[in-house]
Amino acid sequence: MENRITTLFGIRYPIIAGGMIWCSGWRLAAAVSDAGGLGLIGAGSMTPDLLREHIRKCRAATGKPFGVNVPLMYRYAEQIMQVVMEERVPAVFTSAGSPKTWTGQLHAAGCKVAHVVSSTKFALKCQEAGVDAVVAEGFEAGGHNGREETATMALVPQVRTAITIPLIAAGGIATGRGMLAAFALGAEGIQMGTRFALSEESSASDAFKRLCIGLEEGGTMLALKKIGPTRLIRNDFYTAVETAENRGASAEELKELLGRGRSKRGIFEGDLADGELEIGQIASLIRDLPPAGEIVRQIIDEYNAGVKSLTTL
């Protein structure tokens with residue numbers, strides 16, 4: 001399969017693994033890249049030194065292109081970017097900040113740049129900033145979401161109409177049929193977080209993974225809107241947040257309730273009651289924890305079968 005996304009990143013398939021904190025270490029990134037996609041290391045939970053270690057281990061594990069995801073509001077963002085440029089990482093996916101800040105410097109260091117957006121307005125800003133590709137992420141996605149709460153099926157075609165640069169769809173995609181639907185809407189690639197978070201190489205705790213593959217429809221909800229909309233699994237922590245929000249808690253109160261390190265406790269350490277458990281809506285469709293390479297192969301097989309099926313309708 002060849003299109004603008006595969007050409008841009010030098011990959012076989014236009015499939016990108018989301019750079020998720022506590023899930024996307026070098027093992028997952030290398031496995032996805034080895035299978036023909038683009039694996040991303042999630043830098044949002046790493047110190048600069050730890051990221052450098054993951055980059056080098058990933059490079060040793062695969063000869064294929066890989067990337068790093070950098071939330072621009074992260075407290076170590078500047079140091080993280082220095083590591084990325086020093087290590088000559090092939091691709092950088094940025095989010096939660098202005099694409100103007102680092103795109104020029106990353107290009108000068110030889111990095112391809114994609115930026116994650118939740119609206120057409122920000123997609124246009126990305127194009128103006130000179131990014132190489134845009135990731136349009138609908139609010140079905142796990143973790144932090146756009147305040148617009150625009151769903152992927154509504155967001156992708158609007159962004160496609162507005163920009164001319166390569167477009168990647170994200171949010172609620174975990175199958176080849178989902179990939180086919182995204183392409184029908186105008187995307188040229190897909191980014192999957194939840195599907196790869198629930199894989200053998202994901203660094204999330206086994207307890208978290210097992211909980212996720214048992215979720216039913218409606219098992220996640222958007223919360224913490226006064227701080228930043230976040231999709232969470234319903235657990236004791238979510239109930240505490242819901243109760244606080246229903247009584248009109250301020251942003252400061254919600255920040256105090258959230259505290260520090262709660263997502264690490266939940267996703268990485270397996271505290272299923274009081275941890276912040278971030279996962280996408282599509283988790284309710286997933287019932288297994290296969291190797292990442294097998295996921296890539298399944299996606300492509302399903303996509304090809306879907307194309308053939310549509311031609312008979």
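The following conversation concerns the predicted model shown above.

Visitor: What should I know before reading residue numbers and values?
Guide: In this predicted model, local features need pLDDT of at least 70 and side-chain atom pairs count only at pLDDT 80 or more, while totals for chains, interfaces and linings use all residues. Residues are numbered from 1 along each chain as its sequence is written, and side-chain values use heavy atoms, with hydrogens and water left out.

Visitor: How is the protein chain divided into domains?
Guide: There is domain 1 (2–201) and domain 2 (204–280), with bounds from an automatic or database domain assignment. Their centres, taken over C-alpha atoms, are separated by 23 Å.

Visitor: And how many residues does each domain bring to the contact?
Guide: Domain 1 gives 19 residues and domain 2 gives 20 residues, where contact means heavy atoms within 4.5 Å.

Visitor: What area is buried between domain 1 and domain 2?
Guide: About 1600 Å², with 55% of that from carbon and sulfur atoms. Buried area is the accessible area (1.4 Å probe) that two parts lose on being put together, summed over both. Of the area that domain 1 buries against domain 2, Trp22, Arg147 and Leu198 supply 37%, more than any other three residues.

Visitor: Changing topic: which residues of helix α12 are buried?
Guide: In α12 (residues 251–258), they are Ala251, Leu254 and Leu258. Buried means under 20% relative accessible area, exposed over 50%, and partly exposed in between (1.4 Å probe, protein chains only). Helices (H or I, at least four residues) and strands (E, at least two) are DSSP runs, numbered from the N terminus.

Visitor: Why do they line one face of the helix?
Guide: Seen down the axis of α12, the buried residues fall within an arc of 60°, so they line one face; the arc is that of the directions from the helix axis to the C-beta atoms.

Visitor: What do they pack against, and what is on the face turned away?
Guide: The buried residues of α12 pack against α11 (236–246) and α13 (262–268). The face turned away from them carries the exposed residues Glu252 and Glu256.

Visitor: Last topic: how many aromatic pairs are there?
Guide: The count is four aromatic pairs, for rings of Phe, Tyr and Trp (its six-membered ring) with centres within 6.5 Å; planes under 30 degrees apart count as stacked, over 60 as edge-to-face and the rest as tilted. Among them, Phe183 and Tyr303 have ring centres 5.6 Å apart and planes at 65°, so this pair is edge-to-face.

Visitor: Are Phe183 and Tyr303 buried or exposed?
Guide: Both Phe183 and Tyr303 are buried.
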